[in-house]
Amino acid sequence: MASGEDSSTLSVLRPATPTAPPRVPAEAFPPVYRAFRGVAGLLLRLFDLRVEGVERLPVAGPFILAANHHNYLDGVVLGVAVPRPIAFLVMPRVFRATPLHPLFHRRIGSIPVALERPDPGAIKRVLQVLHDGRVVGIFPEGPFSQEGRLVRGRSGAAMVALRAGVPVVPAAIEGTYEALRGRRFYLPRRRPLAVRFGEPIHFGRARRGPIARTEREEITRRIMSEIAALLRVPPAPAVAAGRAGAS
């Protein structure tokens with residue numbers, strides 16, 4: 001997308017501070033992604049979306065965006081707030097929620113990943129996206145959090161970060177749980193939404209050899225603690241076993 005198009009979308013957001021937005025890289029948005037992002041940006045005017053820390057996002061190069069997760073609105077909020085296309089990891093049941101969903105997800109670059117079993121094919125696609133210098137979106141909690149609070153993280157995001165040698169940017173999303181709680185037909189109630197981005201976390205160069213479980217769990221705790229700090233809540237008490245998180 002051209003820089004002017006990105007600016008028009010981001011103009012609907014009310015920044016937390018009057019800082020100038022970072023330069024938008026010349027990274028093409030898939031046409032369906034671009035159209036959906038434009039429409040969603042206009043609709044989010046009704047929710048007074050507040051974005052903090054966008055200047056912390058790398059303007060070029062690969063990184064993993066790791067955020068808390070309540071429902072489908074989280075992906076919409078991140079897709080509008082981040083000035084680069086995101087390849088989200090999604091569970092197969094979300095990828096195939098309706099007959100139209102697979103086409104939509106393929107057109108915006110989503111990556112289906114199974115959580116209940118090893119999925120080397122999905123991890124290979126994730127690593128390729130990062131190798132191409134793009135952004136991967138992971139929800140470390142895995143499926144939607146039903147409690148409306150931060151729950152234990154899965155170690156998949158840590159594994160991908162170590163394998164790819166790319167930074168992880170933590171993100172905290174607020175208001176999406178309340179916007180859809182108890183709503184029928186997935187139509188959100190009008191409620192202020194917010195997203196905060198933290199500083200990129202670096203874990204060194206790409207790793208080729210075995211990675212100990214204790215190391216994956218420690219890095220997962222670090223990622224979840226950063227998300228908790230952005231949410232201003234205590235971190236979840238432990239690390240959950242499982243694959244890379246997905247919506």
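Me: How many aromatic pairs does the rule give?
Reply: This is a predicted model, where local features need pLDDT of at least 70, side-chain atom pairs count only at pLDDT 80 or more, and totals for chains, interfaces and linings use all residues. Residues are numbered from 1 along each chain as its sequence is written, and side-chain values use heavy atoms, with hydrogens and water left out. Rings of Phe, Tyr and Trp (its six-membered ring) pair if their centres lie within 6.5 Å; planes under 30 degrees apart count as stacked, over 60 as edge-to-face and the rest as tilted. By this rule the count is three.

Me: Which geometry do Phe29 and Tyr33 adopt, and are they buried or exposed?
Reply: The ring centres of Phe29 and Tyr33 are 5.3 Å apart, with 65° between the planes. That pair is edge-to-face. Buried means under 20% relative accessible area, exposed over 50%, partly exposed in between (1.4 Å probe, protein chains only). Phe29 and Tyr33 are both buried.

Me: Why is the pair Phe88 and Phe139 classed as it is?
Reply: The centres of the Phe88 and Phe139 rings are 6.0 Å apart. Both residues are buried. Their planes meet at 5°, so the pair is stacked.

Me: How many residues apart in sequence are the parts that Phe88 and Phe139 tie together?
Reply: Helices (H or I, at least four residues) and strands (E, at least two) are DSSP runs, numbered from the N terminus. Phe88 lies in strand S4 (residues 86-90). Phe139 sits in the loop between strand S6 (135-138) and strand S7 (153-154), so the pair links parts whose separation is 51 residues.

Me: How are H7 and H9 oriented to each other?
Reply: Helix H7 (residues 156-164) packs on H9 with the axes 8 Å apart, at an angle of about 105°. Axes are lines fitted to C-alpha atoms, for helices over the stretch in contact, and angles run from 0 to 180 degrees between N-to-C directions. Angles under 35 degrees count as roughly parallel, over 145 as roughly antiparallel, 65 to 115 as roughly perpendicular and the rest as oblique. H7 and H9 are therefore roughly perpendicular.

Me: Which backbone nitrogen does the side chain of Asn71 reach?
Reply: Asn71 is in the loop between strand S3 (63-67) and helix H3 (73-81). At 8% relative accessibility, Asn71 counts as buried. Its side chain reaches, at 3.0 Å, the backbone nitrogen of Leu73.

Me: How many residues of H3 are buried?
Reply: H3 is mostly covered. Among its buried residues are Leu73, Asp74 and Leu78. Of the nine residues in H3, the buried ones number eight.

Me: Is Arg232 buried or exposed?
Reply: Arg232 is in the loop between helix H9 (213-231) and strand S10 (239-240). Its phi is positive, about 65°, although Arg232 is not a glycine. At 60% relative accessibility, Arg232 counts as exposed.

Me: What is the phi of Asp48 near?
Reply: Asp48 lies in the loop between helix H2 (31-43) and strand S2 (50-52). At 35% relative accessibility, Asp48 counts as partly exposed. Its phi is positive in a residue other than glycine, near 50°.

Conventions:
Polar contact = N/O pair within 3.5 Å; in protein donor to acceptor, adjacent residues only side chain to side chain.
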